[in-house]
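Me: I am new to this structure and would like to learn how to read a few of its features, one at a time. Could we begin with its surface?

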Amino acid sequence: MSRSAPSLSVESDPARSPERRRRLESPAWALVVAALAVVGLKSLFDIPGAKTAQDTFDLGFVASTIGAGLMVGAFLLVLLMSRRLPGRLTVALAALLLLGVLSAASLLLVPTRAGFLDQFEVTGLRDIFGPYVDPTRGILTQAAQLAVGFAPITLLAVMVVRPHWFTLERIRWVLLLVLFGAVTHSGIAWLQVAGVVDYTFFFKLPGGNIGRASGGYFHPASLGRLLIFAVFILYVAGDRLRIRPAARFALLVILVATAVVSTHRLTIFCVGIIVATMELRRLPGLLRWARGLSPRVTVPAGLLLLVGGIVLLIRWGPFLWERVRFLVTQIGSLDPQSKNFIRGRGEIWFELAQAWRDAPLDVWLLGLGFEPWNSHSDPIRVFVVWGLLGLVSMAAIFTVLWRTASERMTFRGQWALAVLYLTAAVFAVTQKPTSYSYFMWLFLFSHVMVVAAYPRDEPVPDAVRNGNPR
């Protein structure tokens, strides 16, 4: 038997409760709609403006800040309406607040850590370490990234309390907007390859620099994050997007090809994980479908693919081969003792490990609140910024997210969710997804999408539902 969740307070006048809920429901729903619109349109706001390696105040930053505010506002209104906490997600929200407290503590401890921080303010390090960041500015930046990037957890909390607001039919247009943004950035990337649009990022090589397609972003990794989720959306939402199978396949080919020409190895690998694991799940059905096709369909389709492949090789073959050669030969050393291990990341990790050997206990527990050097790894970044308590808090957040979403979906949905987590974990090895607001937005919104696409038949437990659902 399910138990009702405890109320946050006792109603002074029960007769007024339904009236208050009706009064708050419309503005809360409006905030949800506006927040979802920002989620869908965010990548388009990233296109205008100068492309630099540093975080700047631009349209994308403004959109992220506004979107986060809308999500939190919707959550607060729904909380007032329901007078109930959002189940397990309360633990995740508490863990986020703890990370915020750790950032505040690090800010207060900056003067007492001056001696320890001095070792990071050195010159002569390679560009991959990134510029040294002032502690106060760095702590405030990390705290802001945390608040904005994890704001969609409040949107998930709204879904827990108001699940009928997040049907796939209602969020379909958000998914289409994300796909439209991915295609737009892919088009810019191909224009860069064609020489129509200037490259914004280059690999420095002994023989000169080589441009790398990045779409409307500065770095190809930013384009890669969008491509990863666009491919995931195509597989999970599938025919629910109301896009014809041929058009979906064409979109998939464009997105995968764009990942390849970006030459961002981790993006290519992550996209490959999604394609391989999702196709593995649907392989038996695809084989049954192929056997049922008439030769009058399969033969012309096969010939068309063959001709298209030949044309592609003739037109783009030399360029693609050069890119493949570049990916294979410019990977850097795989020797962990070399300074070029994974293109210099090993050197950063070694230097950070050396610094932490003599770190005081409070640094081990609370972290520094910021990254003195670019750690190029999310687990290491979380440890450097928030210490051991930060690692525990992040583990709690993602455990709660997994359990909250997985119990609301079928096995097919759980498979897709496992692919999402596997891809994010691989991406986090040499990237920092939890510090990228739009990565976290799409990652968290993907939970909503999978729940909507593969819902369980049984109703949501009363303990996490609103008291008067429509």
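Reply: A patch is made of residues with over 30% relative accessible area and no salt bridge, and nonpolar side chains are joined into one patch within 5 Å. Please keep in mind that this is a predicted model.

Me: Which residues make the nonpolar surface patch here?

Reply: Leu361, Trp364, Leu365, Leu388, Leu389 and Leu391 make it, and the patch covers about 500 Å². Helices α13 (361–366) and α14 (378–406) each supply at least two of the patch residues, and Trp364 has its place in α13.

Me: How are two packed helices described?

Reply: Two packed helices are described by the angle between their axes and by the distance between those axes. In this model, α7 (residues 168–193) and α16 (residues 437–453) pack at about 145° with their axes 10 Å apart, and their crossing is left-handed.

Me: Which residues of α7 and α16 meet?

Reply: From α7 come Leu168, Ile171, Val174, Leu175 and Val178, which meet residues of α16 including Tyr438, Leu442 and Phe445. The contact divides into 12 nonpolar residues, no polar and no charged ones.

Me: How many salt bridges does the structure hold?

Reply: A salt bridge needs a side-chain nitrogen of Lys or Arg within 4 Å of a carboxyl oxygen of Asp or Glu, and the structure holds eight. One of them joins Glu25 and Arg162 at 3.3 Å, N to O. Because Glu25 lies in α1 (residues 17–45) and Arg162 in the loop between α6 (152–161) and α7, this pair ties together parts that are 137 residues apart in sequence.

Key: Residues numbered from 1 in each chain as written. Predicted model: local features only at pLDDT ≥ 70, side-chain atom pairs only at ≥ 80, totals over all residues. Heavy atoms only, no water. Axes fitted to C-alpha atoms, helices over the stretch in contact; angles between N-to-C directions. Helix = DSSP H or I, 4+ residues; strand = E, 2+ residues; numbered from the N terminus. Left-handed = near helix turned anticlockwise from the far one by under 90°. Contact = heavy atoms within 4.5 Å. Nonpolar A, V, L, I, M, F, W, Y, C, P; charged D, E, K, R; others polar. Patch = residues over 30% accessible without salt bridge, like charges linked within 9 Å, V, L, I, M, F, W, Y side chains within 5 Å. Areas by Shrake-Rupley, 256 points an atom, 1.4 Å probe, with all protein chains shown as cover.
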